[in-house]
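Thanks for coming. I will go through one structure this morning, starting with a pair of helices and ending with the chain as a whole. Please have a look at it first.

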Amino acid sequence: MIKLGILDFDTSHCVEFTKRLNHIGNDKDQFVDGARIVIGCPGTSKLSPERVEGFTKQMKDFGVPLVDKPEDMIGKVDGVLIEAVDGTVHYERAKPFLEAGIPCFIDKPYACSVTDAKKLAELAAKKKLPLFSSSSLRYAPEVVTFAADPKRGKLVGCVVYGPASLSPIPERNAGLFHYGIHPVEVLYALMGPGCKRVTCTHDTDTDIVTGHWADGRMATVRGIRKGASAYGFVGFSEKGVQAVTIGTKFIYRELLKQIVEMFRTKKSPLDIAETIELVAFIEAANRSGANHGAGETVKA
């Protein structure tokens with residue numbers, strides 16, 4: 001059994017992941033085998049400090065031993081889940097564990113700058129450790145099934161949509177890093193890496209982001225902040241056009257399967273270079289949106 005620690009309790013993910021890995025509750029369809037949360041650290045939060053106390057109580061009710069300092073988990077775990085909502089702190093959170101030779105899963109957003117994204121990847125590579133970050137939406141069954149279907153032919157473009165609420169502290173999880181990360185992750189799950197240029201039309205209630213890939217393909221993200229919202233996409237393929245609604249019932253389960261496999265095999269299911277490009281995509285979109293939709297280069 002792989003022993004995992006979990007750091008930062010300002011998100012429901014600490015509770016939801018623990019329920020699934022530690023087989024808590026009666027919904028056995030959600031359970032994931034192979035790893036267990038054996039220790040946790042509530043941490044501190046500048047984005048959602050009001051959530052820490054309640055989730056800490058739930059983790060205690062689950063029987064998870066807690067420590068006051070993140071470094072107190074070193075020596076007691078095979079891997080760590082970095083769960084802070086605030087992507088700007090992920091480098092400092094993960095650094096002590098990576099330096100100690102402990103592989104990490106870093107929840108979305110992986111980082112909020114290409115600089116931090118590369119520093120994390122370089123440290124993991126130096127220590128020969130796997131490093132993995134992803135939104136759970138990447139592994140939604142509908143996304144995985146569509147992406148793997150050879151009958152549709154090559155995907156030539158898509159329109160992805162989803163909620164994109166903004167951070168209450170703009171300098172933390174700026175723009176699409178906060179919640180728009182989810183539809184952007186779906187975009188990359190479908191299109192793959194290779195985006196070279198981005199334009200973003202930003203308004204109070206919506207972001208419309210169009211990416212231009214090096215091979216000539218184009219794809220769009222609609223980040224929704226007003227009116228009805230859901231996750232989904234329209235895929236434009238060589239052999240047809242398909243509209244897909246993405247369900248969220250099993251997204252945590254499917255992501256956790258990938259996480260456990262990463263800790264088991266010591267190989268990330270996703271090339272960290274793609275995640276770095278995704279960070280660069282959002283950086284470029286944020287710049288474009290702040291500059292009246294001017295085209296911006298994706299500088300991964």
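Start with α5 and α6, where the crossing is right-handed, a word used when the near helix is turned clockwise from the far one by less than a right angle, with left-handed used for anticlockwise. The residues that make this contact are Val143, Phe146 and Ala147 of α5 together with Val186, Ala189 and Leu190 of α6; contact means heavy atoms within 4.5 Å. By class, the contact of α5 with α6 has 6 nonpolar residues, no polar and no charged ones. For the classes, Ala, Val, Leu, Ile, Met, Phe, Trp, Tyr, Cys and Pro count as nonpolar, Asp, Glu, Lys and Arg as charged, and the others, Gly among them, as polar.

Before I go on, a word on what this is. The model is predicted, so local features need pLDDT of at least 70 and side-chain atom pairs count only at pLDDT 80 or more, while totals for chains, interfaces and linings use all residues. Residues are numbered from 1 along each chain as its sequence is written, and side-chain values use heavy atoms, with hydrogens and water left out.

Back to the pair. Helix α5 covers residues 141-148 and helix α6 residues 181-191, and their axes come within 9 Å and cross at roughly 25°. That makes α5 roughly parallel to α6. Helices here are DSSP runs of H or I with at least four residues, strands are runs of E with at least two, and both are numbered from the N terminus. Axes are lines fitted to C-alpha atoms, for helices over the stretch in contact, and angles run from 0 to 180 degrees between N-to-C directions. Angles under 35 degrees count as roughly parallel, over 145 as roughly antiparallel, 65 to 115 as roughly perpendicular and the rest as oblique.

Next, α1 and α2. How do they cross, left-handed or right-handed? The crossing of α1 and α2 is left-handed. Helix α1 is residues 13-21, helix α2 is residues 52-61, and the axes come within 9 Å at a crossing angle of roughly 15°. The two are therefore roughly parallel to each other. On the α1 side we have Cys14, Val15 and Thr18, which meet Phe55, Gln58 and Met59 in α2. That contact divides into 4 nonpolar, 2 polar and no charged residues.

From α4, the residues Val114, Ala117, Lys118 and Ala121 meet Ile272, Ile276, Val279, Ala280 and Glu283 of α8. By class, this contact has 7 nonpolar, no polar and 2 charged residues.

Staying in helix α8, residues 272-290, we find Glu274. Is Glu274 buried or exposed? With a relative accessible area of 11%, Glu274 is buried. Buried means under 20% relative accessible area, exposed over 50%, and partly exposed in between, with a 1.4 Å probe and protein chains only. Leaving aside neighbours within four places in sequence, Glu274 is in contact with Arg138, Tyr188 and Pro193.

Now some loops. A cis peptide bond joins Lys108 and Pro109, with omega about -15°. Pro109 lies in the loop between β4 (104-106) and α4 (114-126).

At the other end of α4, Lys128 sits in the loop between α4 and β5 (131-132). Phi of Lys128 is near 60°, a positive value in a residue other than glycine. Lys128 counts as exposed, at 74% relative accessibility.

Asn173 also has a phi near 60°, and its place is the loop between β6 (155-163) and α6. At 1% relative accessibility, Asn173 counts as buried.

Beyond the neighbours within four places in sequence, its contacts are His212, Trp213, Ala214, Glu296, Thr297 and Val298.

Finally, the whole chain. How many helices and strands does it have? The protein chain comes to 8 helices and 12 strands. With 300 residues, a compact globule would have a radius of gyration near 19 Å, and the chain has 19 Å, which agrees. That radius is taken over C-alpha atoms, and the globule rule is 2.2 Å times the number of residues to the power 0.38. Of the 300 residues, 55% count as buried. Among contacts with a separation of 6 or more, 73% are between residues 24 or more positions apart.
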